[in-house]
Amino acid sequence: GELSDAQLKHMQMLSKREIQVLEFVVAGMTNGEIGDALGISPKTVARHRERIMSKLDIHSSTELVTFSIRSGLVDFH
């Protein structure tokens, strides 16, 4: 379905790196696993995750995953 303007605006606020992190989060990976995949520390992953959630005004990982899939931000199979 089409995204609302608000959702599009939210998505444009995310950096490429944040979208990468988001894809891994949706895949159910831990901060440690994501860090390994991207060559960054788990702490940095946690920071990205927090920033993504504050940008999208989302308060739990579950909501984050739901939003990502519904918005088509992440191609989830």
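1. Basis of the values. Local features in this predicted model need pLDDT of at least 70, side-chain atom pairs count only at pLDDT 80 or more, and totals for chains, interfaces and linings use all residues. Residues are numbered from 1 along each chain as its sequence is written, and side-chain values use heavy atoms, with hydrogens and water left out.

2. Packing of α2 on α4. Helix α2 covers residues 16–26 and helix α4 residues 42–56, and the two pack at an angle of about 100° with their axes 10 Å apart; helices, like strands, are DSSP runs numbered from the N terminus (H or I, at least four residues, for helices; E, at least two, for strands). The axes are lines fitted to C-alpha atoms, for helices over the stretch in contact, and angles run from 0 to 180 degrees between N-to-C directions. The angle makes α2 roughly perpendicular to α4, a term used for 65 to 115 degrees, whereas angles under 35 degrees count as roughly parallel, over 145 as roughly antiparallel and the rest as oblique.

3. Residues of that contact. From α2 the contact is made by Arg17, Glu18, Val21, Leu22 and Val25, and from α4 by Val45, His48, Arg49, Arg51, Ile52 and Lys55, where contact means heavy atoms within 4.5 Å. These residues divide into five nonpolar, one polar and five charged; Ala, Val, Leu, Ile, Met, Phe, Trp, Tyr, Cys and Pro count as nonpolar, Asp, Glu, Lys and Arg as charged, and the others, Gly among them, as polar.

4. Salt bridges. The structure holds two salt bridges, each defined as a side-chain nitrogen of Lys or Arg within 4 Å of a carboxyl oxygen of Asp or Glu. In one, the side chains of Arg51 and Glu18 meet at 3.9 Å, N to O, and this pair links distant parts of the chain, with Arg51 in helix α4 and Glu18 in helix α2, 33 residues apart. In the other, Glu18 meets Lys55 at 2.8 Å, N to O, and here Glu18 in helix α2 and Lys55 in helix α4 are 37 residues apart.

5. Buried means under 20% relative accessible area, exposed over 50% and partly exposed in between (1.4 Å probe, protein chains only).

6. Helix α3 and Gly35. The buried residues of helix α3 (residues 31–38) are Ile34, Gly35 and Leu38, and they lie on the same side of α3 because they cover an arc of only 100° around the axis, the arc being that of the directions from the helix axis to the C-beta atoms. What covers these buried residues includes α2 and α4. Gly35 itself has 1% relative accessibility and, leaving aside its neighbours within four places in sequence, is in contact with Ile40 and Val45. Gly35 and Val45 are 10 residues apart in sequence and 6.1 Å apart in space, C-alpha to C-alpha. After α3 comes Gly39, whose phi is positive, near 70°.

7. Ser68. Helix α5 (residues 61–71) contains Ser68, which counts as buried at 0% relative accessibility. With neighbours within four places in sequence left aside, Ser68 is in contact with Leu22, Val26, Leu73 and Val74.
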